[in-house]
Structures are given as C-alpha cells and as structure tokens.
Amino acid sequence: MSTLHTVNKTAATNALEACLRVASSGDSLLLLEDGVYQASKLVQLPVAKTLQLFALKEDVTARGIKLPATVTPIDYAQFVDLVCQQQRSVSWF
Amino acid sequence: MSTTNSRKTITFISRSTPYGGGLAKACLDMVLSAAVFEQHINLVFMDDGVWQLQPNQSPQDINAKDLSAALTALPLYEVNNVFAESASLSARGLDPKALVIDITPYSAQQIAALIRESDVVYQL
Amino acid sequence: MKLTVLVYSAPYSSEAAYSAYRFTASALAAGHEIYRLFFYYDGVHNSNALSTPPQDEFDLVKAWSELIKTHKLDAISCVSSALRRGILDPQEAARYEKEAANMGSHFVLSGLGQLVDANAMSDRVMSFGA
C-alpha cells in the first residue's frame, strides 16, 4: 500500500525536498530526467534510508553520471512495473 | 460515467503561485471538475502554492482573473477538505488564521498521512 | 492493469512529454491497457499536427500519433488548455472563425470530466510534467 514518488528536476527547484517532506517510510522514489543528477546527494540524506531508491537507467546513461550503489537503475519496463506494484504515484516537478 | 462504485479519494497538492504561471489555475480547474463528479477531494497548498491564499489580491492591472476569489467557491462545490502546510505558511510570513479562505493547517506528517489515504494524487 | 497517463508538458520544452511517451509504449508492450491519454495544460502541444522537427531529430508528435493510431488509444486534449494555446480541431476552428485547424486527427478535444472518469475507471494514474 505504498506510494511511488517521481522527481525529474535538479536542486534548482525544491521538488525533491518537498517530496521527501511528505514521503512515508517504505515508499519508493524514482529519479528520472534531470532528477538523476540528485542521486549522489539524495543517498546522503537520513530520510533516503527509509525509501526504496530508483533511477531511470536511460536518463542516467544519457547524462554520463555514475549512480551510487543504493540507487537501483531501472528501465522503462521496470518503471511500468513499479507504477503497478505501488498503490499510487505522485510526480513532483 | 457511473459514480456509484467509482468514488475515489483524490488529493491535489498545489505548489504553484497564482499569477506567475498557469499551474495554480490548472490545479483548481481539476479540483472543481472532480468535485462536480462527486469524488472525495483533498486540496493541499504547499510551498509557493500557499501564496494563492494571500489576502488582498488585486490582479486586474495585470489582466488576470482573481484566483483567490475562485477559491472562495470551493465550499459551494463541497470541497471542504482544504489544507495548507504550516511550515510553508510560516516560511512566507502568512498567518493561517488570516488567509483568503479557511484552511486547516497541516504538518508534513499529516500531509503524508493524507497521501496514504488517497487513491490518486496530483501535484502541480 | 488499466493505466491512465496525464501529460502536462509540451514536446521539446522539457523531457517530460518524451518520458510519458516511452512509459506509455512500455506499458502497452507489457500488455497493460492504456485507458486514456490525457493531455492537459502545455501537454496539448503534443497534439499539434503542424509540429515539424528537423529530419535528424526524434519526431515526438508523430510518435504519439502512431502509437495512438496503432493501439486505438483514447487520446484527449483538454479543450480549455488547447484553445488558449492555439490547438484547434476543425469544429473549433470553424466555431471561432480561425484560418485553420491544426490538431492531429487521432486526438479528441474534450473536457476535464474525461480525466475524472479516467481516475474513477483506471487502476493507476501516472502524471508527467515539468
């Protein structure tokens, strides 16, 4: 019965910060598009340890960045699975 | 559309300012449409969205319609679950008791609980 | 599952519309039903048939049209968002006495009631915006 949150922006907006304020322990968080740039910063936050962290692999590869080990890269097919497994999705932008 | 067994709880998280862009009005239009179809609605103002609640808005000279006036119609549509994040209000110097409409101040934890009770959540 | 996809963003102005397209295509490939595609706010620009990107760039508007046609998807552009952004079907162009219509023929102009219906009838709603 948990929630999938998606964040597609860098820290230039406070989309991730807003998301983290109202995410519940055990929720999933998918970084996609420019959101993948926040992966390294995200894993250092205490709240990140309460969430399942994912990043869209195509967007990571596009940007040439390296994901921290605790962020699971997934493709679009797995993104669809995640949406179906979670009870609801919230897109933060 | 049958509404008998398809009444869902929809939570709208409104994070945009009233006049600098169109998302605040777009959100309100979604809220009112859902209300007309008798869905159970929660409306939460967070971050810059709380600026929609600022009293004394007067946008005539920027050729814009008064969004705060539109908010006063929410009770007429039976949208009574209207919340604003307390931290967002205080960060912007807004007094929860002196806003353009009555809202229930909510903490981030309370908003998290609202999300958990919802079937669908929109953020814009 | 029955999925509804909501798109708030224009093609090319941000990556969100492209992400929505890839998500929709993947959902269909996995055998899910796309109950409705709802283009709202700037998302209505995804239904502008006059979009003409350079030959060596991905044509997202054409890709949407082909996906919608192939899978017979219910693709709605919200009428109030579309009109103010200059996306009109032939009926609206005639009604408002505009020189031309430009909405892709696989899209339908309709209202937010279609989104409310989609909420009620879908198992999941996924939004893409920027």
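Colleague: What covers the buried residues of α5(C)?

Modeller: In this predicted model, the buried residues of helix α5 of chain C, which spans residues 113-121, are L115(C), V116(C), D117(C), A118(C), N119(C) and A120(C). Their cover draws on two chains, and it includes β1 (9-14), α1 (23-36) and β5 (120-123) of chain B together with β1 (2-7), β2 (33-39) and β5 (124-128) of chain C.

Colleague: Turning to the contact between chains B and C, which element gives the most to the side of chain B that touches chain C?

Modeller: The contact joins 16 residues of chain B to 14 residues of chain C. On the chain B side, the elements that give two or more residues are α1 and β5 of chain B. With six residues, the element that gives the most to that side is α1(B).

Colleague: How many nonpolar residues does the side of chain B that touches chain C have?

Modeller: Chain B brings 16 residues into contact with 14 residues of chain C. By class, that side of chain B has two charged residues, four polar residues and, as the number of nonpolar ones, 10.

Colleague: Which element gives the largest share of the side of chain C that touches chain A, and how do the residues of that side divide by class?

Modeller: This contact takes 12 residues from chain A and 16 residues from chain C. On the side of chain C, two or more residues come from α1 (16-29) and from β5 of chain C. The largest share, six residues, is that of α1(C). By class, the residues of that side divide into eight nonpolar, five polar and three charged.

Colleague: What pattern does chain B follow along its sequence, and what is its radius of gyration?

Modeller: Chain B has four helices and five strands, and read along the sequence they follow the pattern β-α-β-α-β-α-β-α-β. The globule rule gives 14 Å for 124 residues, and the value for chain B is close to this, so chain B is as compact as a globular protein of that length, with a radius of gyration of 14 Å.

Colleague: Which element gives the most to the largest nonpolar core?

Modeller: That core has 106 residues, and those with the most contacts inside it are C19(A), F12(B), C27(B), M30(B), V31(B), V44(B) and V5(C). With nine residues, the element that gives the most to this core is α1(B).

Colleague: What percentage of the residues of chain C count as buried?

Modeller: Chain C has five helices and five strands, which run from the N terminus as β-α-β-α-β-α-α-β-α-β. Among its contacts with a separation of 6 or more, 76% are between residues 24 or more positions apart. Of the 130 residues of chain C, the share that counts as buried is 52%.

Colleague: And in chain A, which residue of β2(A) stands opposite H5(A)?

Modeller: Chain A has an open sheet of five strands in the order β4-β3-β2-β1-β5, with parallel pairing. In this sheet, strand β1 (residues 3-7) and strand β2 (residues 28-31) of chain A pair over four bridges. The residue of β2(A) that stands opposite H5(A) is L29(A).

Key: Residues numbered from 1 in each chain as written. Chains lettered and ligands numbered in written order. Predicted model: local features only at pLDDT ≥ 70, side-chain atom pairs only at ≥ 80, totals over all residues. Buried ≥ 20, exposed ≤ 12 C-beta atoms within 10 Å, placed from the backbone. Contact = placed C-beta atoms within 7 Å. Nonpolar A, V, L, I, M, F, W, Y, C, P; charged D, E, K, R; others polar. Rg over C-alpha atoms; globule rule 2.2 N^0.38 Å. Pairing = 2+ DSSP bridges. Core = buried A, V, L, I, M, F, W, Y, C linked by C-beta atoms within 7 Å.
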